[in-house]
Amino acid sequence: MASNDSEPVHRVYVDGFWMDATPVTNEQFEKFVKATGYVTIAERTPTKEEFPTAPAENLVAGSVVFAPTDHDVPLNNHYQWWSYVKGASWRHPLGPQSDIKGKEKFPVVQIAYPDAEAYAKWAGKRLPTEAEFEFAARGGLSGKVYVWGDEFRPGGKWMANTWQGKFPVKDAGEDGYAGIAPVSSFPSNGYGLYDMAGNIWEWCSDWYRPDYYKTLVEKGGTAHNPQGPDSPFDPAEPDEKKRVHRGGSFLCNDQYCSRYIVGTRGKGEVNTGTNHLGFRCVRSPENPMRRTTQN
Ligand SMILES: [Ca+2]
Ligand SMILES: [Cu+2]
């Protein structure tokens, strides 16, 4: 599917960095919460000050959850399959009746941007820039369609957790998972990184603007460690402050959104979590000069 904000193709240089091999798991996030007492955005009751026009009964803690529709729907209105669910949070990803028991190795979801940032800080790491995420996702390959190559199912093998069947009615789970999968359930890429495509979307630190790549190209030359635009802007929702999402999720499919294709971009309002959105961290080397002093 066309993804105009991924163009024009341009040349980028990123300094070396370390990246978590997998998205942050429920087990890892729980350690952070136990150590710090951190309360995620989804668990906080929204205030009248933040949403002055909202009726009081709508000011309840919760988050956004995907629900399949019971019949075929036109794919032009995502409110048909996304809704705000009271009591949904990382501990209850689909709402109060759901939980994460036995799901220690699943990626943590229902994470807003400040939650991801707080975890990264506690872990002595940071969130990746969009350029770092893409560099890492490509795993040493260049100009390929997917993080593993050009063929969606090389030798018939499923390489990422995506959606099969009619969207958004029924996830046929032909790849082994209807819905979210534990981290590392599919092969790693060339850098040994898992889930760089599919399973869950992941936060990047860049503000989102659809024309950002155009501005890089206009500057000319190679973009060095690009950090994203100075401010966010999404013409589709001009009042919302969005940052970049990367990687695509278990809901991605060839009928509606095929953003498991490497290089394509996602975006999300910073305080909004969903049950297909998580994150992983990166770290810059302590002594970036080391590689030059070694020779
Ligand atoms: Ca799947
Ligand atoms: Cu998608």
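A salt bridge is taken here as a side-chain nitrogen of Lys or Arg lying within 4 Å of a carboxyl oxygen of Asp or Glu. By this criterion, the structure, which is a predicted model, holds 19 salt bridges.

In one of these, Arg138 pairs with Glu134, and the closest N and O atoms are 2.9 Å apart. The two residues lie 4 positions apart in helix H3 (residues 130–138), so about one helical turn separates them. Arg138 and Glu134 are both buried. A further salt bridge links Asp211 to Arg209, with the closest N and O atoms 3.0 Å apart. Asp211 is partly exposed at 28% relative accessibility, and Arg209 is likewise partly exposed at 24%. Salt bridges with shared partners also join Glu130, Glu134, Arg138, Arg246 and Arg265 into one network. In the salt bridge between Lys101 and Asp99, the closest N and O atoms are 3.5 Å apart; Lys101 is exposed, at 68% relative accessibility, whereas Asp99 is partly exposed, at 33%.

An open sheet of 4 strands shows mixed pairing and the order S8-S7-S5-S9. Strands S8 (266–269) and S9 (277–278) form its edges, each pairing on one side only. Strand S7 (residues 242–246) runs antiparallel to S8 and is joined to S8 by 4 bridges; Lys242 stands opposite Glu269 in S8.

Helix H2 (residues 113–122) contains the buried residues Tyr113, Asp115, Ala116, Tyr119 and Ala120. Viewed down the axis of H2, these residues fall within an arc of 160 degrees and therefore line one face of the helix. They pack against helix H1 (26–36), strand S5 (201–207) and S7. Just after H2, Gly124 adopts a positive phi of about 70 degrees.

Key. Residues are numbered from 1 along each chain as its sequence is written. Chains are lettered from A and ligands numbered from 1 in the order in which they are written. This is a predicted model: local features need pLDDT of at least 70, side-chain atom pairs count only at pLDDT 80 or more; totals for chains, interfaces and linings use all residues. Side-chain values use heavy atoms; hydrogens and water are left out. Two strands pair if DSSP finds at least two bridges between them. Buried means under 20% relative accessible area, exposed over 50%, partly exposed in between (1.4 Å probe, protein chains only). The arc is that of the directions from the helix axis to the C-beta atoms. Contact means heavy atoms within 4.5 Å.
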